[in-house]
Protein chains: 2
Amino acid sequence: MQFHHNGYVSADPRVEPAAGAGIDRPSQMPDVMDVLIVGAGPAGIITAAQLSQFPDVHTRIIDRRPGRLEIGQADGIQSRTVETFQAFGFAEQITAEAYIIKETTFWNPDPQNPERIIRTDRTPDDPTGVSEFPHLVVNQARVIDYFAQFAANSPARTVPDYGWDFKELSVEEGQEYPVKVTLVGCGEDNEGLERVVRAKYVVGADGARSNVRRSIGAKLSGDKANHAWGVMDTLGLTNFPDVRTKCAIHSKAGSILLIPREGGQLFRLYVDLGEVPEGDNGKVRETPLEEIIERAKAILNPYSLEVKDVAWHSVYEVGHRLADRFDDVPVEEIGTREPRVFITGDACHTHSAKAGQGMNVSMQDGFNLAWKLGYVLSGQAPDSLLRTYSDERKVIAKDLIDFDKKWSSIMAATPEELVGQEGVAEFYVRTAEFPAGFMTEYAASELTAGKDHQELAAGFPMGKRFRSSQVMRVADVNPKHLGHHHRADGRYRIYVFADQQPVGQFEQLAELSRWLLEDEQSPVVRFTPKGADADALFDIKVIYQQDYTTMNVNDAPKVFRPNVGQFGLMDYEKVYTALEDSDIFDERQVSREGAIVIVRPDMYVANILPLSARDELASFFAPIMREQA
Amino acid sequence: MQFHHNGYVSADPRVEPAAGAGIDRPSQMPDVMDVLIVGAGPAGIITAAQLSQFPDVHTRIIDRRPGRLEIGQADGIQSRTVETFQAFGFAEQITAEAYIIKETTFWNPDPQNPERIIRTDRTPDDPTGVSEFPHLVVNQARVIDYFAQFAANSPARTVPDYGWDFKELSVEEGQEYPVKVTLVGCGEDNEGLERVVRAKYVVGADGARSNVRRSIGAKLSGDKANHAWGVMDTLGLTNFPDVRTKCAIHSKAGSILLIPREGGQLFRLYVDLGEVPEGDNGKVRETPLEEIIERAKAILNPYSLEVKDVAWHSVYEVGHRLADRFDDVPVEEIGTREPRVFITGDACHTHSAKAGQGMNVSMQDGFNLAWKLGYVLSGQAPDSLLRTYSDERKVIAKDLIDFDKKWSSIMAATPEELVGQEGVAEFYVRTAEFPAGFMTEYAASELTAGKDHQELAAGFPMGKRFRSSQVMRVADVNPKHLGHHHRADGRYRIYVFADQQPVGQFEQLAELSRWLLEDEQSPVVRFTPKGADADALFDIKVIYQQDYTTMNVNDAPKVFRPNVGQFGLMDYEKVYTALEDSDIFDERQVSREGAIVIVRPDMYVANILPLSARDELASFFAPIMREQA
Ligand SMILES: Cc1cc2nc3c(=O)[nH]c(=O)nc-3n(C[C@H](O)[C@H](O)[C@H](O)COP(=O)(O)OP(=O)(O)OC[C@H]3O[C@@H](n4cnc5c(N)ncnc54)[C@H](O)[C@@H]3O)c2cc1C
Ligand SMILES: Cc1cc2nc3c(=O)[nH]c(=O)nc-3n(C[C@H](O)[C@H](O)[C@H](O)COP(=O)(O)OP(=O)(O)OC[C@H]3O[C@@H](n4cnc5c(N)ncnc54)[C@H](O)[C@@H]3O)c2cc1C
């Protein structure tokens, strides 16, 4: 965490100084704003949190709820999401209060006595060690709390406006604030009050029944029918031994997905209620709690379950559905105008709860969109950047739905149906990277280079999230996870992996530093706002191959030691060496000739280049950034 | 973290439900209270934090400051202290914002050119791996903040009353609130207002010039003269390469201890100003900042230092001094009455800042005292328990002062003076356990058994702090540090290390469980308040030797799976097994025949017993606890 550099910070350093829109931010809903986010669920709140790092952008986030979400909804947090929390600075804190999934056990009918279940398998949750972060279970409400805290502590000081119901919108191009939005108050003080406000951009993060989606005429396609689960957050007594382990239970009487919850005693049961017949018209949602409990008891036979308290329950009814586009530009108009309205999260894709994806993927939608909006609104990027949101995220949503279909059908199958097919446990292990959130791989585009130089850093697959590894920070001799210094501050990361020359005699790096800092083709020179710190837009770090004891931090070329802040102090946190016992060059197969790895603000590998590449470096950023006057 | 067991906790689980004195706690200073703590520095605030876990105890903590400490004073945090933070639930959070010391470098005159300094040594900070916790640097103000937060979130909801100056006290035995205290307001609303309040106990945590110490007639002895350092928290530009590493610098021009600080750029320089002549009368404290800066520049030659901002500076003048007693009972009255007033922290011991001990030892004073006060005031212990505070902590303070004298003289010596003697770096490595805070070893007493059974668990030295090791929590298959589940909740821990019988067939453990839960000699039966949960006073855990896959959590005897809270839910977090790859039985040399290890609320090993010991277990607790009606 860096602070104190503009003068002493006495209290919590997580509270950044207010700036721009954060100074005198109106506490009441104003008439105009840069971005209006509809919905303070996971998709909306991460968008607000990320945008709050852009002080020039005035963001409002509304929700029809009277206040924070208190209980219920999703609770499964993939390791990719925890990695994201890390970038927002609260991974440790939320992990400390979460349940950590280490194993999943599988229960099936006892062949000797098929009326009873027995444990048939036990699989580690992250068999391939795909991430240094755990797989968590913690209520959606707490996830939202932490992002809201981050948004409030960020320079733009964004806080939700509760008690506003979005009704409709229309886009009137040519105006400064082209999106006209009608809201109706549903809070204590504003009940029934109709307000028309105007925004430059609107983000529909308003869940599965999205009105924003309806307003822009996007169409859902997918399943006709829904699948239903009785969900209950339970406090109770049981002699079932795995009540604190994640379990997939199949019995003659049905199936249960058991998810232990944070706090030591609560557990969630997903009791499968099967396909919902067409024309059910929500009748399944009236399934009484007692019936769900009875079913659960039957499935758990021979184990007992005495329910003491049900903290929350719901019949969660959902189908696989995908919106035909994620913004307001119909196919035929693509290229003629740029999007003004976006939909994210459940508003554009829904699927089962079984693989625990909904909240996670929704957050990644918001993370993808928010920095792009921030760049465009701060004048750092042309507005064509905004097209890439729908392009990139539609593919991901489609993959997710395909995976989830396979997953749910396997989870729902009876043991007999699985005979001869891949079993639940096998499927689970083979596909572990998917539910952990690491299968996102953006295709080549303006934002993601092709794989021409992939061999220079094979362990950083192009288009996938930058996978961290440990390195030694030279200045303070602290081993650090390189990737954990990627904060959600909206900046691109440029990692320069040095070649094997002795530090100081390394002309190629000194040359690169000079070029980056001085050449008029350099993206740092062209795109960094005048008067801003040299690392305002690009956080450029170097990783040497040598042992740290053979060098001083001051040996590194200047681009890796910029002077920043009001006192022009040197930044000591950009110069690293490989560790002896876990060498990042080996772990991530980085060429000993060196390489440049470029990572997007939302943590995906955007480009890999040889150390000598100047033109490619310059031309990569040219279309996605805006020259600064 | 355990919560939800009395019903769903929607917001931050670190905020515990208010109880007892925490319900309707008066916001203004009342006339009477159980405990009055004078001083909200490290010693006072940890006392308040721990006492706030005792809902029956009404604690007030005053400070003459108008509000929180904002800057300055100490900043070195030993690993023992971070371990303590862990018990108070904020180790991860404070570590995330702290500087982590990994190495110390030593700089001395260059033999070729003695006017210039060169790096002569580099030593790891924790060469022997004494703790799983790091050695931190973070400002005292933040440490106090975190404890204050914990106190406010605890059941008794303790918050400091700022703006009250302690004047004097007298003890009038025989009254319900025997300590009469005179305070004078020095806040905005109470300026000059004199108040007399009464308390059952007073804790003087009012620093080196303690008025509480004066009031009870305790005498300081030790150095006549002081030693002075110019201390400055600096933001600046330098080409000295180790400005982000802890350094001990000796040059012809004097010596500096350089401490990198949290946040990435701030560093603290302790510039040695030498012995203060008797009769100096504070003149050294008028040393101008400019002079300190000039000295620092001369010492750092040939490196440059351009100071941009000094966030805080002070001339810290201190001698080695120790109070003759730490409570209000003079030697001749010991045994005739129990103490009513205590002094802690700098109020009873002072020494140099060089070994970074002051704040750390002061907190351990408070941690030692607070649970004892909590027990006595809740009726769980006889008031004779309170004698042990002075007995235990005086020895520690004396050891500290002896260590610090040696340490400061070595640090202050010129290279010539050290020729033929042990060098700085060697002394540093050899004694690392001391400054890390792990040399405290309470002698045999009512609270600490003798070493009769030490061989049953050689790795848990009697009287030293319980050194954690990893184990597997059976219910959720999570590897956990056993010691990290020792929260600062005032409870004794009883760790039962099982022998090699297969789980379930292990009669000795089942017997022990029955005895603990049912026998009238059992401390659990005798001392647990009626109607309270079975683990209200004693947190009893079991560690099996077997692999976790060979057992179910329900196989463990009942004392390790108590039913707790309003719903009588089972506690799943007391049953562990050894890990295959780091077996606690090997790591801590625990007998394969099993052992019982008892740990005090402040984390020190209090007793080690064979599994079969009943009488010894019963008689150990008899004098220190109070039978419950
Ligand atoms: C009742 C319920 C139960 C669920 N149960 C589970 C579960 O058991 N397991 C699981 O994995 N997933 C569950 N989910 C799904 C999971 O919560 C979602 O995948 C995830 O929340 C998606 O995040 P989101 O931000 O896109 O949408 P949401 O979390 O749905 O957030 C949308 C937000 O927009 C607000 N909003 C909606 N319309 C308007 C409007 N017109 N004006 C203003 N505000 C509006 C809503 O109040 C809400 O706060 C559940 C969802 C719901 C709604
Ligand atoms: C100015 C100063 C600079 C220091 N610099 C360093 C340093 O550079 N390095 C280092 O290692 N250590 C330093 N120390 C020492 C270190 O801070 C102490 O060892 C540590 O704070 C001890 O904690 P404590 O709680 O016992 O006392 P303190 O932290 O001194 O706390 C005592 C508290 O009591 C309050 N108080 C005092 N008298 C009264 C009264 N009559 N009524 C009400 N409240 C009262 C004070 O306002 C204060 O908040 C410094 C101490 C001081 C005071």
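A polar contact here is a pair of N or O atoms within 3.5 Å. Keep in mind that this is a predicted model.

Q: How far is an oxygen atom of ligand 2 from a polar backbone atom of Ala43(B)?
A: The cut-off for a polar contact is 3.5 Å. On the ligand side the atom is an oxygen, and on the Ala43(B) side it's a polar backbone atom. The distance between them is 2.9 Å.

Q: Which class supplies 13 residues of the shell around ligand 2?
A: There are 29 residues around ligand 2, with Asp63(B) and Phe166(B) among those that come nearest. Elements giving at least two shell residues each include α1 (42-51) and β9 (164-171) of chain B. By class, 9 are polar, 7 are charged and 13 are nonpolar.

Q: Is Ser10(B) buried or exposed?
A: Ser10(B) is in the segment before β1 (32-38) of chain B. Its relative accessibility is 19%, and because buried means under 20%, Ser10(B) counts as buried.

Q: Which side chain makes a polar contact of 2.9 Å with the side chain of Ser10(B)?
A: Leaving aside neighbours within four places in sequence, Ser10(B) is in contact with Arg68(A), Glu70(A) and Arg142(A). With Glu70(A), the backbone oxygen lies 2.7 Å from a polar side-chain atom of Ser10(B). The side-chain partner at 2.9 Å is Arg68(A).

Definitions and conventions: Residues numbered from 1 in each chain as written. Chains lettered and ligands numbered in written order. Predicted model: local features only at pLDDT ≥ 70, side-chain atom pairs only at ≥ 80, totals over all residues. Heavy atoms only, no water. Helix = DSSP H or I, 4+ residues; strand = E, 2+ residues; numbered from the N terminus. Buried < 20%, exposed > 50% of the residue type's maximum accessible area, 1.4 Å probe, protein only. Polar contact = N/O pair within 3.5 Å; in protein donor to acceptor, adjacent residues only side chain to side chain. Contact = heavy atoms within 4.5 Å. Near = heavy atom within 4 Å. Nonpolar A, V, L, I, M, F, W, Y, C, P; charged D, E, K, R; others polar.
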